[in-house]
Amino acid sequence: MNLHDILHVALYEAKQQRRQWEFRLFVFIAVIGITLYQFFLQGQGYCSNWKMVALPCSVPLVNAYLYSVVQSLFVILMVTDFPRREKLGGALDPIHARPMENGEYTWGRVLGNMILFGAVNLLVMLCCVFFVNLNSMAPLGIQYYIFYFVTLNIPSLVFVMGLSLWLSRVFRWRYLTMVLLFLWCVVSVIWLPYRLHGILDFLGTGVPNLFSGVTGHVGLWYYLLHRLGFLLLGLGLLAYSVRGVERLPSTLKQVRRYSLGGVTLVVSGLLCGVVMAVSYIPARNARESYRESFRKHWLGMPCHVSSHDITLRQEGENLDVRSDLVVCNLNGKEVKQPLLFLNPGLRVTALEENGRALPFTRDGQVLVIDRSLASGDTLRLRVSYSGRIDERFTDLHIPDDSYEDSFRFDNFFPTGRRSAFVSDDYLLVTSACGWYPTALPPVNPVYPVCSGKDMTRFRLTVAHPRQRELFSQGIASTGADSSYFRPSHVLSGISLCGGQFETVELDIDSMKFVVSSFGIPAPLSEHFEALDLNGI
């Protein structure tokens, strides 16, 4: 493959295409239309959906998505015209007369169009930064523009170019090809993102692809695998379309080589989709096993935890916890094997009664204690456990299809589903994820309406906290190397949140308001500064 010939064809193709009315119309719609639409959609004072400005990736993602949609329509219009232009000759005759392989000719034309669309993409991004992002409440992050340019716009461009060129060489009827591809684009916008986890959507709308300013990307490997799949599909279709060029090839071996390479790339892209589809199977199997554990052991005679002292130590993404709890039997008869429920990802290292080890068995989230408890009797336990939170345990009452829905009542921003965050920068564990042992499960997975609440007096101690600020229920206090939370009344559950927060205090009419955030956004700070305290 001669790189000089490819670049020569690419330059010639770029000059030819930029003179076409289709490309000039595309530049106008992309630069003017997208910028104005985003300004009224996400500009300060216009936003009606908080997610449009709440995330640092909100504006770059909408920009990349809108550009990909407009780009796809004009790529179809321009690339499906390749065979017709080749037959007419004219401006392409000097290129056809050069002694080059058909592969070099095809890749040169593709590269020329990619250069044009890439340049317009960069121009649209710059317009978005200066006219939308800097006039919006959304934080500015140049790195997100670059990320979506590389992972969203480029794979979409390559895939649509490959599919358009391949279909135009297969059907050899431009208008039929255009109709089919336009219909595919419409289906990809309004239907495919919400089916099969968005795997078939070349725009990636149905795949969680958001960035949090705190926890980063919501599902980076899954999103990149999706984009890699469509990139490989596009490259494979482009390579295979070389055999359809109506120009004598240098050798038949060269045609077979491109055909084989194209098929290999297409199969590789399809395999990426298969891997994405089967990646949901382990989670479904695990969630079903947790439901089965509940059915197997639940007898409808739960005990009651009257008090619960929790001491937590965090080690990276692992939790090391000790629970001292008082378990009471409030049932009218003896409980032969009291049950405790704990997140399956947390491994129990010791279970003791008054310093004496108690035998127990573990089945998923269920701890079965081999010690009978008479009616009205109490049991003082110390449970030591450690490990990582298994987020598949949460929301077992939700059907798997709903659990896997990444949109969660939003048709554009797929947030995915997370139930716990454990890192040095951010810590969030709630009672729903079962991070401490309870006598009642967070939810009844078989009959959700029968889910109960166990009112308990909690005491929480966080040893050697890794976060600057910690928040939980109760009165907070700090010691030399620990933070303490002492609720003044019984609770149905306790949660813990920690992070490298910045805190702003406001004294308003003898009341103190405290706002903690990962950096106070400028619009929020300006709002507080402009607040008329005398009018409150």
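Arg-295 sits partly exposed in this predicted model, with a relative accessible area of 41%; the term covers the range between buried (under 20% relative accessible area) and exposed (over 50%), computed with a 1.4 Å probe on protein chains only. The side chain of Arg-295 pairs up with that of Glu-292 in a salt bridge, at 3.2 Å from N to O. A salt bridge here is a side-chain nitrogen of Lys or Arg within 4 Å of a carboxyl oxygen of Asp or Glu. Glu-292 is likewise partly exposed, its relative accessible area coming to 43%. Why do Glu-292 and Arg-295 end up about one helical turn apart? Both belong to helix α12 (residues 281-297), and they are separated by about one turn because they are three residues apart. Helices (H or I, at least four residues) and strands (E, at least two) are DSSP runs, numbered from the N terminus.

As a general point, side chains of opposite charge can pair when their charged atoms come close.

Helix α12 also contains Ser-293. Ser-293 counts as buried, at 5% relative accessibility. Setting aside neighbours within four places in sequence, Ser-293 is in contact (heavy atoms within 4.5 Å) with Asp-363, Gly-364, Gln-365 and Val-366.

Another salt bridge brings together the side chains of Asp-309 and Arg-459, with an N to O distance of 3.8 Å. Asp-309 belongs to strand β3 (residues 304-315) and Arg-459 to strand β13 (residues 457-463), so this pair ties together parts that lie 150 residues apart in sequence. Both partners are partly exposed: Asp-309 has a relative accessible area of 30%, and Arg-459 one of 40%.

Then there is Glu-353, whose side chain meets that of Arg-356 in a salt bridge at 3.1 Å, N to O.

A word on the bookkeeping: residues are numbered from 1 along each chain as its sequence is written, and side-chain values use heavy atoms, leaving out hydrogens and water. Since the model is predicted, local features need pLDDT of at least 70 and side-chain atom pairs count only at pLDDT 80 or more, whereas totals for chains, interfaces and linings use all residues.
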